[in-house]
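Visitor: I have this structure open and have not looked at it before. Can you walk me through it?

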Amino acid sequence: MENTVQGKDLGELKERVEYNITLEEEDRAFRIFQRLYTLKRNIVISALFGIAAASFAVQIIMGKGDNISWGLMAVCIAFMAAVWINQNRIRKMLLTALEVLKDDRYILSVYEKGFEIETVIPQEDVQTAREVNDDDDSGDEEVMSRLKPPISSYRFEQSGLRLVENAEMYLIFVTKETFHVLPKRALTDEQKKAVDEAFDKGFEDKVKL
């Protein structure tokens, strides 16, 4: 469950990083997600349908098959193809949806007991919102509070958190369906050292690829 308490309850601030995520990085991150959480399932499903298709093929080769055998073999092969086509389709749909967010920036604040991730709202977006609602007397802070998503705040101790790291990025899994991406290119050497130390102490479930 997402922790809604914020920085003051997470202990000492260890590091704060502002960054963006490119579509290429989103693509690589989602491929890692699929490798970790859907690849095995897809292989198992493909193997089962492959075995079934092979059994029908044997019947046909031995002359014991009929039109039903041909049809069922074709269905099994179609299901095998659909498993992998669907995986690629989902990834492409995700990247299309993320296209509108490609210029967004984020701030990761790493604390002693957890971390927070917030979205940076450009001032021009605030101004655009003010112009759209030109009869609104609200100040910039109130307008921004409407535009800005709530800060995502997590404790290291909460159930389900998992850190996956490779040479290019950190992936912080909140659940098997939800994760945050932190590109290493956005960190200075000092920031990377501080983040590594905090993550090493904080995350119990860590995977290096």
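Guide: Start with helix α6 (residues 189–202), which lies across β1 and β2 and runs at about 120° to β1. Lying across involves contact, meaning heavy atoms within 4.5 Å. Axes are lines fitted to C-alpha atoms, for helices over the stretch in contact, and angles run from 0 to 180 degrees between N-to-C directions. Helices (H or I, at least four residues) and strands (E, at least two) are DSSP runs, numbered from the N terminus.

Visitor: What kind of model is it?

Guide: This is a predicted model: local features need pLDDT of at least 70, side-chain atom pairs count only at pLDDT 80 or more, and totals for chains, interfaces and linings use all residues. Residues are numbered from 1 along each chain as its sequence is written, and side-chain values use heavy atoms, with hydrogens and water left out.

Visitor: In what order do the four strands of the open sheet come?

Guide: The order is β1-β2-β3-β4, with antiparallel pairing. Two strands pair if DSSP finds at least two bridges between them. The edge strands, β1 (13–20) and β4 (152–155), each pair on one side only.

Visitor: And how many bridges between β2 and β3?

Guide: Six, in the antiparallel sense, with β2 covering residues 105–111. Y106 stands opposite T119 in β3.

Visitor: What about β5, which way do its residues point?

Guide: In β5 (residues 162–165), R162 and V164 point one way and L163 and E165 the other, and all are buried, that is, under 20% relative accessible area with a 1.4 Å probe, protein chains only.

Visitor: What does β5 form with β6?

Guide: A hairpin, with three residues between the strands. Four bridges join β5 to β6 (residues 169–173), and the two run antiparallel. E165 stands opposite Y170 in β6.

Visitor: In which sense do β5 and β8 pair, parallel or antiparallel?

Guide: Parallel, over three bridges, with β8 at residues 206–208. There L163 stands opposite K206.

Methods. Buried < 20%, exposed > 50% of the residue type's maximum accessible area, 1.4 Å probe, protein only.
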